[in-house]
Amino acid sequence: MQPSSRVAPALLSLASLGLALAGPAAAAELPATTAAVLAGGCVNCHGPDGRAQGAIPPIGGLDEGYLRARLLAFRDGRDAPGSVMTRLMKGHDTDQIEALAKWFARGGTR
Amino acid sequence: MSGLSRRQMLGSLAAGGAALALPAIVRAGAGSARVVIVGGGFGGATAARYLKRHAPQLQVTLVEPAPRFHTCPFSNLYLAGLRSWDSLGHGFEGLRAAGVEVIHARAEDVDARRRNVRLSTGQTLGWDRLVLSPGVDMRWDALAGYDEAASQLAPHAWKAGPQTQLLRRQMEAMEDGGSFVMVIPDNPFRCPPGPYERAAMVAHYFKRHKPRSKILLLDAKDNFSKKGLFQQGWKALYGDMIEWVGLADDGRVTRVDAGTLTVETAFGQIHKAAVLNVIPPQKAGLIAERAGVVDASGWVPVKAENFETRQVAGIYALGDATLAAPMPKSAFVANTQAKLAAATIAADLLGQAPPAALFTNTCYSLIGPDYGISVAGVYGAAEGRIVERPGSGGVSPGTADAAFRAAEAAHGASWYAAICADIWGAG
């Protein structure tokens, strides 16, 4: 069997389950307690449940795809390279960024 | 106990195994377990709130003497006249509403064997897990001439409270043209950028009210947090008002005479102050010593993966009291350490797998009302040590426009509101 013919049905089934936005199939989903610890740092600036009221923007309830793209752009130096977010995201791997995007897309709770 | 061994034990319980060999918590269910937390600051209050969030059935008791906790972060802004004293105070109603029992008393002794803590009220609290977040105490024996009585004349103002208010009153009483002298210790100490932010905030006050005054910083080391950024900002906003003297230029103070407001350096130079602010060497808060969890350094060694103390199983320690280098002794890391410890303790008591360790830090410092700088870092645990995640962290760019500095000043204020809401807010 050709590899391509194995991949296509797998992608199709993921899409049919509504999981296509969940990111690369290689990303291992982190346990909820680990995700909670990761997210604990974010809320210190972005507010409880990611709903800050001040100069730092809220992140709770934003679109998961948007959050993932933005966090990856910070990490890779493509967005606001001098900012705190770049310095912080460079310490996060793809699985951790995935977990944070999911966490805050769900409104900042598990 | 690891999650795996607990699951194995639960398995044997389900199979009708040796139930009597299990800890009381597992036999009776986690609902009967009690966690006592000492210290209502950035570490302790966070741990209390997040323990309740992870395991609402736990009995969580927070012991803190002050009915309102005043934060060291932003206390320099109070000195500058940019914040009111009341705006630094945070009550415990939010934590009570979240189900935390708050007892306003001082924890005086810990019996690690019997697993209890004795309070200043005479009450004794039993615990299944104990979390110590006592902050720092001053080492009154470390700097000749500087003891607790001397601090009434030459305040340290390194715990937010009457000392901070005393220093502000002294600044207000000082005549224009006076010399504000700050004595700064070697590492490690609470809030590494704090003295240098304080210099800027005192300068902000002087520039407006006593413009002929000077600020002399006598430092026991040659490098400090965000040094280049601070020196650049001092110069930009305050000209030559602030003079910093490091170790190499005889900046290390070896004797204090609080009566005459003079200090003597290692090579015998005498400096006379109009206002003398002495930040002495520090150690873990006394209760950590009473619990037997400090080592010869005076600080608390902890397991990197969960902040359980190395000395005593079942006792965790957080924040400035711990030996957690390369993480700084900051409010932000105390908070993220607390979130890891709370998740770990809850998982342990509920028989779940522990979380992976990850800590973040972001410290904003204010140089002027519209001039902020920052340092950030991300840390994990590897082979029992705390390690900075490769490629992460660092300080604000050395070259940045006024809008960038203004944005970081605004972000600092936003951070303070957010973290205080996270810890003491209505939640």
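In chain B, strand β11 (residues 179-184) runs parallel to β17(B), and 4 bridges join the two. Pairing here takes at least two DSSP bridges between two strands; strands (E, at least two residues) and helices (H or I, at least four) are DSSP runs, numbered from the N terminus. One spot to look at is Phe180(B), whose bridge partner in β17(B) is Val275(B). This is a predicted model, with pLDDT of at least 70 needed for local features and 80 or more for side-chain atom pairs, while totals for chains, interfaces and linings use all residues. Residues are numbered from 1 along each chain as its sequence is written, chains are lettered from A and ligands numbered from 1 in the order in which they are written, and side-chain values use heavy atoms, with hydrogens and water left out.

The pair belongs to an open sheet of 4 strands in chain B, ordered β13-β12-β11-β17, with parallel pairing. At the edges sit β13 (242-245) and β17 (275-278) of chain B, each pairing on one side only. On average, neighbouring strands of this sheet are turned by 15 degrees against each other, direction ignored; axes are lines fitted to C-alpha atoms (for helices, over the stretch in contact), and angles run from 0 to 180 degrees between N-to-C directions.

Two helices pack on this sheet. Helix α7 (residues 194-209) of chain B touches β11, β12 (214-219), β13 and β17 of chain B, its direction making about 170 degrees with that of β12(B). Helix α8 (residues 227-238) of chain B touches β12 and β13 of chain B, and its direction makes about 150 degrees with that of β13(B).

Turning to the interface, 41 residues of chain B are in contact (heavy atoms within 4.5 Å) with 27 residues of chain A. About 2,400 Å² is buried between the two chains, 61% of it from carbon and sulfur atoms; buried area is the accessible area (1.4 Å probe) that two parts lose on being put together, summed over both. On the chain B side, Leu358(B), Arg389(B) and Ser414(B) lose the most area to chain A, together 18% of what that side buries.

There is 1 salt bridge between the chains, the term meaning a side-chain nitrogen of Lys or Arg within 4 Å of a carboxyl oxygen of Asp or Glu. Arg87(A) forms a salt bridge with Glu408(B), with the closest N and O atoms 3.5 Å apart.
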